[in-house]
Amino acid sequence: MGIPFRITRTFAKITLLFLAMVINSCNTLKRVGENELLLKKNAIYADGKAVKDENIESLVFQEPNSTILGYPLRLNLYNLAKKNPDSSFQAWLYRKEKREQRLIDFLSKKQVDRLGESFLVSGLSEWLKKIGESPVIIDTVKTKRSLERLRAYYGSKGYFNNNTTYVIDTVKKKRGAIEYKIDLGQPFSIDSISRNIASKAIDSIYLLHTENAFVKRGDQFDLSLFAQERERLSAIFRNSGIYNFQESSISYDIAADTTKLADDQKMNIELNIENFKRRGDSAVTTSDYKVYKFNNVNIYTDYLYDERDSEQKFVRYDNYTIFYHNKLRFKPKTLVNAVFFEKDSIYREINRTRTYRQITNLGVFKYPTITSVPSSENGLDANIYLAARPKYSLGTSFEVTRSNIQQVGLALSPSLQARNLFSGAENLSIAGRVSIGSSNDPSIIDNRFFNIQEYGIDLNLDIPRLWFPFFDTSRIIPSYTLPKTRISLGTSFQKNIGLDKQAFNTVLSYNWIPSEFIKHNIELLNVQFVRNVNPDRFFNVYRNSFSQLNSIAATDVYSGNSSLSDFYESPVGNTPRLTIPSGTTGFTNAILNNEVPSTREDFESVSVIEERRQRLTENNLIFASNYTLNLNNREGLTDNKFFQFRFKFESAGNLLSAISQIIPFNKNENENLLVFGVPYSQYLKTEFDYVKYWSISRNNVLALRTFFGIAIPYGNSNNIPFVRSYFAGGANDIRAWSPYSLGPGRTDAINDFNEANLKISLNLEYRFPLLGNLKGALFADAGNIWNVFDNVEDPAATFTGFRSLEDIALGTGFGLRYDFTYFVLRADLGFKTYNPAEEISKRWLTDFNFTNAVLQIGINYPF
């Protein structure tokens, strides 16, 4: 979520003046000695070809000073600091004979001494050094160490006979570049692979899994592949019954093939897998690895200390033994479904991981402890120790808010969490919200300071399985995919906010995660009912629509018509102002019923305004189902080479339409079918959202996001409900425009809240470090919204084909982000680079200035 701000021209001038002063006051070579060279560039060449691999470049000890768009900001900040601020102060103090005494007379001896220790004298310099960056002076000792690293790296890739050298070139005065040159030579390859495996069980398992080995005969030698092969074999053994397998048991003997010619560069590899080692007090003993099976699986639901062990009770369920104290609070089936160890099955490490995940996913236990203890020669006892979370927990949050509808607001959100509600790890959460605020809307009659209120309540019941009546889904979707069912009920009420909406919603959803990279979500039932309590306030809320209607009423055609005088607040003859709601309703009806003469243009404009008013003030009933697929191959927070993909498909109204064929529904004057007196919405909606990250360097990232969404009304609807439509602009979208202020199409934000049913957007952002946790970004956002296949006929707002792509807006800008570890505070300044609402000759760069720039404040990255 973001907050837009306008930037003044004065602020822009001050900022540019400050930057100019900093740039002009800096000397890049200020701290570089006469016989020293500032490192400007590193270049690595392997057999004469430039190497651009980030991993190889990171082996070099010295890197040039960081730059921002080619400018060494941190270096120049460091150079701004005084080298010896205390000495400089003393020299200044005694430069004139009576300066010290005058300062003592004006301040005091004690204060003059403190002045030398103050932030402005010494603290500022230390701060500049801390956030800055000292000049990187070429050091041949470090250069040689870099060569050793490069030699070792290429040696690990099979180039054992590589030769390395370096050359230092003077680029400019006191500036130098280093070229690292590697003569690789011929690589060594693997001629044969033999094995020496002590355990028969390990040997048998190994022979079954040789096909996907990373180390293969005929391949070039690569030490990293040996590490990957050790990890692969360890995972195979631990998932094949060898519960105590030690990765350190695997080693390789590597030798050159002496039977071949010297220039054949062939190597013989011997795989060694030793027996299990156990370290005792005085000696190390060894034993054969064995395949273990489970004799018993024990679940301790209330982990007891030694002095209470005698009080434990137990129950057996499907070959599992469940221990408890006093009373078993959990259904045995729920516990058993969360454990993937089975009696008489072999030990598998993957089942241990799945058990951890599923028990944690239940939400009723703290992080579990799982042990596997030998109970016979080839047998194990699995012990799962669980500690239950409290049955009930209370929470509350308080916040102070400010928005475009309230000067200040206070919100209180109490919550109650009830765990294991029906003994099957069902968790119920009840969250309430009460907020009051001071509105700046002059149309609100209530003159109290806190004159707007909003309150609501949400209930969520989470069930740790896919609850579907009369059908067992566990065969299709196993429990290790963390299946969950959520049943939600919610309602909210507003007073003196917009049209005072009352909303009721209920959702029945299922989600499961087959792997770390795939997530499915199905909302089998998503019902939302929105009731507008005060539709007569429409023109008080949507001021642009009122201005359009009032401007038509203010024309000479109507100002002299005495039959319309009752619609105005001021006498006829002055500039008329329609009263709300009687005047706006009367004037609209008079025009649309041809009770007064009007031009065709005015008639169509009033018709569009009235159509929008009816649409936004009518009550909505949305009875929908949807499916969402999420793909994400990110391997951690530091991974900057990944993609995310989200696909969503939603269908609304089809079930009710089918029921209407059996049970006749009432109809309104527009022949729309009614449910509880409200026309239900019917549409199809689909979305594609793709995010891709590229790591340009270790700290620089290029991020791309593309989005396409369309919602098509049909059957019982000729438009999309406002809550399901698309808008453009905002902190996470086209950042040069405020939310709802862009489009549709080439229209110039004619409404207060501009929305449509087709959206295309593309965002590109380059992120780079600035100072410590402060990051910078350059971005370009393109996109727009349009109406399509609905009842909007305005060609400027409608997508008619590829030619409409000319209406795609472009915003560019820069931003700052500060990383607080747990969240990122973001500020983006967007400039309107291409504005489709302008005339064709004025679309490019007309509003590209600080006056029309928009500052967006947001939390975390936009994508």
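R767 lies over the face of F863, at 5.3 Å from the ring centre, where a charge counts as over a ring if NZ of Lys or CZ of Arg is within 6 Å of the ring centre and within 35 degrees of the ring normal. The model is predicted, so local features need pLDDT of at least 70 and side-chain atom pairs pLDDT 80 or more, while totals for chains, interfaces and linings use all residues. Residues are numbered from 1 along each chain as its sequence is written, and side-chain values use heavy atoms, leaving out hydrogens and water.

**Exercise 1.** Find the ring over which the charged end of K685 sits.

*Solution.* The charged end of K685 is placed over the ring of Y726, and its distance from the ring centre is 4.9 Å.

**Exercise 2.** Classify the ring pair F449 and F450.

*Solution.* Begin with the criterion: rings of Phe, Tyr and Trp (its six-membered ring) pair if their centres lie within 6.5 Å, and planes under 30 degrees apart are stacked, over 60 edge-to-face and the rest tilted. The structure holds 44 aromatic pairs. For F449 and F450 the centres are 4.9 Å apart and the planes stand at 85°, so this pair is edge-to-face.

**Exercise 3.** Determine whether N620 is buried or exposed, and list its contacts.

*Solution.* Buried means under 20% relative accessible area, exposed over 50%, and partly exposed in between (1.4 Å probe, protein chains only). Because its relative accessible area is 12%, N620 is buried. Taking contact as heavy atoms within 4.5 Å, N620 touches Q528, F529, V530, V678 and P721, not counting residues up to four places away in sequence.
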